[in-house]
Amino acid sequence: MEKRQPPPEINESKLLEVLASLNQISDAINHIGPGDANNSGVSLQLIVESAIRVVPGSSAVIYTYDQDTGRFEAESRVSAQAEGHALSKNPEYLDDAPRPGGIGIRTIERRRRTLSYEEHDLDVHPFHAALGVNAVGCFPLIVAEQAVGILYIYLYEKREFTKIEQLMLDNFVNQAAMAIFHARHIAGIKRNLAQKENELNRLRHAGMLISSRLRLEETLESILEFALELTNAQYGIFRLLDKSGDFLVTRAVSSVHLERPLVEMLPVNGASVMAHVARTRQPLLIRDLRDKQWSEIYYPLDSKLEMRSELCVPLINASGRLEGVLNLESPKVSGFTEDDSHMLQSLATHAITAIQEVRLLDALQEAAQLLISQPSLKVLDQLCLMANDLLNSSSSGIWLNNEQGQLQLASSDGVLHGDEINSPNLFILPLHAGEDAKALGMFGVFYADTGAREARSAKSEWDNKVLACLANYAVLAVQNESRQQALRKSQEQHWTAETFAAVGDISANLLHNMNNKVGIIPVRVQGIQDKYSKVLESDAYLNKSLSEIERSAMEAMQIVQENLSHLRPIRMENVRIATCVADAIRGVQILPSLQIIVEELDALPMVKASGQSLTFVFKNLIENANAAMNGNGSVTIRGHAGVDWVEVSVIDNGPGISPELHNQIFELNFSGRAGVQPGKLGFGLWWVKTLMTRLGGSVVVESDGQHGAKFILRLPRVENQL
């Protein structure tokens with residue numbers, strides 16, 4: 001065996017030089033920043049240069065290693081040559097890349113240094129052997145059990161590495177490993193940041209494109225296209241929850257090979273991945289669908305398509321309601337990462353926003369149509385239904401202010417009572433008709449589950465937005481009803497005024513002709529009585545008949561004048577209700593068995609009306625009640641003062657009026673429940689309603705048809721009374 005030379009000695013100055021090199025290398029490593037993330041060459045160059053100083057007469061080479069691919073990175077080569085052994089700088093002549101079965105691979109596999117003179121089955125790389133290398137030491141660069149590279153030390157002399165050289169090289173190895181690891185870590189961070197920035201830009205771009213879509217299906221399809229592009233998935237589907245909450249219905253599909261799934265509807269309680277996510281309301285990343293726990297519930301999209309991984313996220317809106325599920329699938333095992341899951345959840349947020357806005361827009365369009373076609377109560381009822389649907393509330397209600405300024409429940413969906421307006425579970429907004437106008441009432445939604453309400457924040461922006469929109473429509477409905485009533489009343493008063501203007505002319509002409517024709521009868525009778533007095537004295541029958549003719553003619557003239565007087569223009573004045581009621585009671589003929597009770601009339605404010613017409617109204621109502629009860633019973637006349645109105649109720653305890661007749665009794669051709677009264681023209685309650693309309697008031701009836709009737713009269717009160 002050839003005798004090896006003794007190793008050179010390392011003196012104190014050499015050690016100090018090595019320590020200085022180590023400090024310099026450490027400083028270079030610490031200064032590797034984001035700008036140098038892809039280049040750790042400065043540190044590695046210092047390491048190989050220091051290594052050949054530690055081992056005199058040697059050369060050093062470092063290659064980085066990719067543990068994921070199991071290969072050395074040839075382009076990463078860093079080297080330092082001993083004096084007199086310089087190599088060509090042309091890369092074409094640097095052919096010392098680690099061999100597949102060489103010392104470098106063995107060292108990586110062992111995770112410890114390898115010395116060529118200790119391995120009898122290994123030889124020096126031919127490239128370096130041709131340069132006169134006699135021995136090589138190979139040191140693995142390892143950080144956290146991860147191999148990141150390898151350091152080769154080539155000896156030209158025929159000797160072994162000394163213990164001190166090996167110890168020094170171990171320090172350089174650690175430094176080299178840290179330099180590579182640190183650089184890679186920084187590079188990885190930089191790549192991740194660039195990737196995140198790219199994803200954010202694409203998400204922002206996606207958001208702008210999504211917001212420009214008008215139809216929900218178009219929006220969902222756009223989201224799926226972005227999801228497939230960003231994750232390299234081959235299939236994506238949106239299934240939204242139907243109104244029953246029992247099925248997930250396909251609303252959008254995007255795929256490389258599949259147009260539509262085999263099944264359009266999946267039961268929420270069924271065995272499928274999407275149903276599982278809908279029930280748990282948690283995102284799910286399945287790396288291999290063949291795993292037992294998933295293979296049992298996986299529902300294949302198509303028998304011809306084999307999917308191996310799946311990513312699924314629930315769509316939960318701001319009100320806490322499940323809207324549906326977004327699902328992606330890939331034919332690759334582990335086709336999705338956690339980053340893909342986070343990205344898909346971001347896209348799901350866009351989908352939820354689009355779904356909510358489309359549902360709100362549909363609801364507002366429906367409300368707008370109801371406003372122009374339905375009465376206010378129907379509109380308010382529908383708005384309550386919409387509030388529950390959009391906000392996932394258990395019930396909702398609309399309270400309106402009455403004339404006394406008290407809140408009364410006007411409409412609700414669910415079991416709500418007036419006292420629940422102060423419940424902590426009720427989220428309410430006032431119904432403002434304008435910035436300075438007094439609130440018309442309140443719109444509130446009731447959440448039965450306080451914990452769920454608090455979990456998504458007491459008053460979310462979405463709840464405020466939705467309820468504010470619906471409250472505006474409620475205000476429009478109330479205002480529209482008020483305006484419609486005012487318009488109808490104005491039209492009715494106008495039509496009544498025009499009718500009575502025409503009828504007044506007719507009545508005046510009729511009264512004139514009747515005066516001419518009927519008025520001559522008493523004159524003729526008196527002439528006969530004067531001329532034939534002796535004959536009449538001897539004929540009692542003839543005398544009595546002439547007297548009866550005269551009396552009947554006079555009464556007929558009086559009746560016509562009394563009734564036709566209501567057709568003439570009404571002179572409005574300040575009238576006291578109590579006075580008109582007293583005049584009416586004195587003017588009716590009733591039996592002693594009928595009791596008339598008057599309550600709270602003297603304190604009523606004066607009203608704008610015609611005393612004669614108002615007296616006639618009360619007389620008619622009292623006479624009708626008397627006839628309905630056959631003179632046996634009681635009639636109560638009670639007053640109540642509001643802010644703008646005076647209300648008088650005429651209540652009897654008779655048989656009542658059937659609800660289906662409540663409108664008919666005020667018609668001109670309705671004969672009435674008691675028939676035509678003697679000495680009257682027979683217009684009945686038509687006169688009452690007509691006169692109340694002409695006076696600027698109204699009359700309605702309340703009765704269940706069994707327990708009496710209540711007529712409610714409303715008249716405008718005189719303003720600024722002292």
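**Entry 1: Val 646**

I looked up Val 646 and found that its relative accessibility is 1%, so Val 646 counts as buried. By the cut-offs I use, buried means under 20% relative accessible area, exposed over 50%, and partly exposed in between, with a 1.4 Å probe and protein chains only. The model is a predicted one: local features need pLDDT of at least 70, side-chain atom pairs count only at pLDDT 80 or more, and totals for chains, interfaces and linings use all residues. Residues are numbered from 1 along each chain as its sequence is written, and side-chain values use heavy atoms, with hydrogens and water left out.

I placed Val 646 in strand S20. Helices (H or I, at least four residues) and strands (E, at least two) are DSSP runs, numbered from the N terminus. I then listed what Val 646 touches, not counting residues up to four places away in sequence: Ile 577, Leu 604, Pro 605, Val 607, His 640, Leu 713, Arg 714, Leu 715 and Arg 717. A contact here means heavy atoms within 4.5 Å. I also noted that Val 646 and Gly 697 are 9.5 Å apart in space, C-alpha to C-alpha, and 51 residues apart in sequence.

**Entry 2: the nonpolar cores**

I turned to the largest nonpolar core, which has 39 residues. Such a core is a set of buried Ala, Val, Leu, Ile, Met, Phe, Trp, Tyr and Cys residues joined through side-chain atoms within 4.5 Å. The residues with the most contacts inside this core are Ile 577, Leu 614, Phe 618 and Phe 711. Among the elements that give two or more residues to this core, I noted helix H16 (577-587), helix H17 (611-628), strand S20 (645-652) and helix H18 (685-694). H17 gives the most, with 7 residues.

For Leu 614, I recorded contacts with Val 575, Ile 577, Cys 580, Val 607, Ala 609, Met 692, Leu 695 and Leu 715, leaving out residues up to four places away in sequence. Another core, of 32 residues, lies apart from the largest one, and its members include Ile 398, Phe 427, Leu 429 and Leu 431.

**Entry 3: helix H18**

I checked how far H18 is covered and found that 8 of its 10 residues are buried. Among the buried residues of H18 are Trp 687, Leu 691, Met 692 and Arg 694. Just after H18, Gly 696 takes a positive phi of about 85 degrees.

**Entry 4: salt bridges**

I found 18 salt bridges in the structure. The term stands for a side-chain nitrogen of Lys or Arg within 4 Å of a carboxyl oxygen of Asp or Glu. In the pair of Arg 106 and Asp 121, the closest N and O atoms are 2.8 Å apart.

Next I looked at Arg 159 and Glu 165, whose side chains meet in a salt bridge of 3.1 Å, N to O. Both Arg 159 and Glu 165 are buried.

I also examined Asp 389 and Arg 359, which form a salt bridge with their closest N and O atoms 3.1 Å apart. This pair links distant parts of the chain, with Asp 389 in helix H10 (residues 376-391) and Arg 359 in helix H9 (residues 338-373), 30 residues apart. Asp 389 is partly exposed, with a relative accessible area of 34%, while Arg 359 is buried, at 19%. Through shared partners, salt bridges join Arg 106, Arg 110, Glu 119 and Asp 121 into one network.

**Entry 5: cysteines**

I searched for disulfides, that is, pairs of cysteine sulfur atoms within 2.5 Å, and the count is 0. Cys 138 is buried, at 0% relative accessible area, and Cys 312 is buried at 0% as well.

**Entry 6: the whole protein**

The protein has 18 helices and 22 strands. Of its 722 residues, 44% count as buried. Among contacts between residues at least 6 apart in sequence, 65% join residues at least 24 apart.
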